[in-house]
Amino acid sequence: MAAISANLKIQERQEIDMARTIAIGEQDFGKIIEKDYFYIDKTSFIKEWWENGDTVTLITRPRRFGKTLTLKMVEQFFSVRYAGRSDLFEGLSVWEEETYRKLQGTYPVIFLSFAAVKADHYEMAKKKICQLIANLYQDFDFLVNSGFLQGEDLAFYQRISVDMDRADLENSLCQLSRYLCRYYGKKVILLLDEYDTPMQEAYVKGFWDSMASLMRGLLNAAFKTNDDLERGLMTGITRVSKESIFSDLNNLEAVTTTSGKYAAAFGFTEEEVFQALEEFGLRDQADGVKRWYDGFRYGNCSSIYNPWSITQFLDKKEFKPYWANTSSNALAGKLIQKSDRDMKMAVEDLIRGKAFRAALDEQIVFNELDDNQDAVWSLLLASGYLKIADVHDADEEQDLLQEPAEYELVLTNLEAVMVFQKMIRGWFGACKSSYHDFIKSLLHNDLDGMNEYLNRIVFAVVGSFDSAGKPSEQMQPEKFYHGLVLGMILDLRNQYVVTSNRESGFGRYDILLEPRGRTEDAILFEFKVFHAKKEKSLEDTVQAAVRQIIDKKYAAVLEEKGILKEKIRIYGIAFKGKEVLVGGGYLSEFEESTMAGK
């Protein structure tokens with residue numbers, strides 16, 4: 001009935017050439033319905049969630065995927081504050097059954113969002129959480145004003161403030177549940193949106209342990225030891241590991257990227273998107289919409305679209321990276337920038353549209369992200385940058401060892417590609433002009449220019465590529481040059497195929513630029529750190545790097561493709577702290593000088 005009613009409304013609007021208004025950023029379900037803003041009916045989630053009967057549910061989806069809107073919908077369906085508001089749900093799928101019509105507006109509901117808990121240090125983050133809960137308590141001041149609370153309960157209620165101590169903070173949601181249960185004679189539904197935002201921020205800003213400890217106490221009291229809890233529902237981007245914050249929460253049903261539950265409840269299905277395009281007279285744009293905004297996969301639903309980007313496109317009717325521009329992507333950028341050579345090589349392939357195979361455990365252990373590459377891939381999958389292209393079933397031995405499954409991962413869609421591009425270019429943001437000048441000098445075989453601009457770049461950014469914030473002369477060049485590779489891929493991809501650390505001759509070259517045509521030169525780089533015991537100067541280190549290219553025949557892969565030595569340039573790049581020297585030239589000239597020397 002609801003689907004038929006919705007289709008009839010769309011037909012009526014099309015007949016009078018009137019599509020619904022797109023309310024960009026509006027996350028209040030009631031306001032969207034009251035004002036007849038554009039909305040795709042997702043109220044079947046209420047029925048599915050309720051009938052599953054799980055005491056506490058955690059659902060993870062990428063940012064801007066309708067998590068807040070869904071929780072507001074759940075709040076306004078169940079909350080006693082919305083009793084009698086059948087107008088919000090009439091004509092929608094949840095209203096088809098009498099059982100749910102009778103259920104609407106019958107439970108005390110607590111709704112809280114941690115989306116705004118972003119701070120540079122722990123004390124400020126804690127204070128923001130205290131303020132949110134203090135504001136929440138004010139919403140239920142009728143418990144005090146009616147005289148319902150007395151004695152110790154009243155004293156506890158009055159202690160809830162921005163300056164409350166940690167013990168009161170950790171017990172605050174549990175205690176509020178108790179008060180409401182006693183007042184209404186019915187257990188509470190507790191909704192927590194963006195539960196993991198404080199922890200992601202804490203990891204990025206360096207106070208993970210303190211925040212994890214606080215959240216462990218707060219969430220376990222609210223969702224585990226809370227005898228007055230009817231149902232709990234949390235949403236976030238990541239599934240933070242049980243060991244980190246859910247160690248005592250055994251009743252948690254975690255619904256992640258690979259879960260079958262609620263697969264179509266967040267994001268838009270292809271059918272829903274195409275129907276929306278019809279409403280807005282954009283059906284002829286379906287192919288472009290699919291290329292830009294499709295690609296998310298949840299459970300068995302393999303074609304889920306990003307709702308934020310779809311609504312933006314319907315409103316503005318332009319193809320742009322809307323989702324890519326909604327966040328600084330600080331965590332993903334930090335992890336990729338500081339990753340090792342193997343991960344940066346995988347990112348090279350991903351940008352080129354290739355797949356990468358990784359073992360994934362969807363529980364994110366944040367304090368392992370610096371050292372565990374698979375944990376990074378899991379985070380990028382949960383965040384929406386990657387999608388699963390294929391699943392490799394575990395063999396019997398893997399099952400016995402409970403090893404995580406292996407997946408073929410690719411970038412989700414064109415927007416995700418642009419996110420990666422933006423992150424990589426951001427690494428050179430402080431010296432953008434020097435980077436571009438270095439590329440120009442490289443293309444023109446201008447050694448003086450290459451040396452000048454590369455030194456500027458290294459001085460500005462090489463320290464930021466260290467993996468643990470502890471500068472290491474041995475590690476910095478490797479971190480740097482693989483970042484440089486990714487930058488080259490973006491800026492030279494129309495002229496060159498840029499690869500790194502691939503086999504050729506008798507070893508692995510550092511960087512290879514293979515021309516797409518036959519007019520440009522091919523270019524090989526070898527990076528070396530200055531060793532005082534082996535070399536007297538950076539010039540010696542450069543010569544050692546050039547000699548390695550020649551002796552190990554790194555140019556073999558180019559010569560096999562018919563590229564002449566006269567069209568192959570080889571460069572050694574030597575590092576000594578933040579001092580760098582580039583030297584080299586054409587392969588044929590080096591070989592001729594070697595023969596003449598003999």
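## Basis of the values

The model is predicted, so that local features need pLDDT of at least 70 and side-chain atom pairs count only at pLDDT 80 or more, while totals for chains, interfaces and linings use all residues. Residues are numbered from 1 along each chain as its sequence is written, and side-chain values use heavy atoms, with hydrogens and water left out.

## Cysteines

With a disulfide defined as a pair of cysteine sulfur atoms within 2.5 Å, the count comes to 0 disulfides. For Cys-181, the closest cysteine sulfur belongs to Cys-174 and lies 11 Å away, which is too far for a bond.

Cys-181 has 14% relative accessibility and therefore counts as buried, a term that means under 20% relative accessible area, with exposed meaning over 50% and partly exposed the range in between (1.4 Å probe, protein chains only). Cys-431 also counts as buried, because its relative accessibility is 6%.

Most residues other than glycine have a negative phi. Arg-64, however, has a positive phi near 60 degrees, and it lies in the loop between strand E1 (56-60) and helix H4 (67-78); helices (H or I, at least four residues) and strands (E, at least two) are DSSP runs numbered from the N terminus. Arg-64 counts as partly exposed, because its relative accessibility is 37%.

Glu-194 likewise has a positive phi, near 55 degrees, and is placed in the loop between strand E3 (188-193) and helix H10 (197-205). With a relative accessible area of 13%, Glu-194 is buried.
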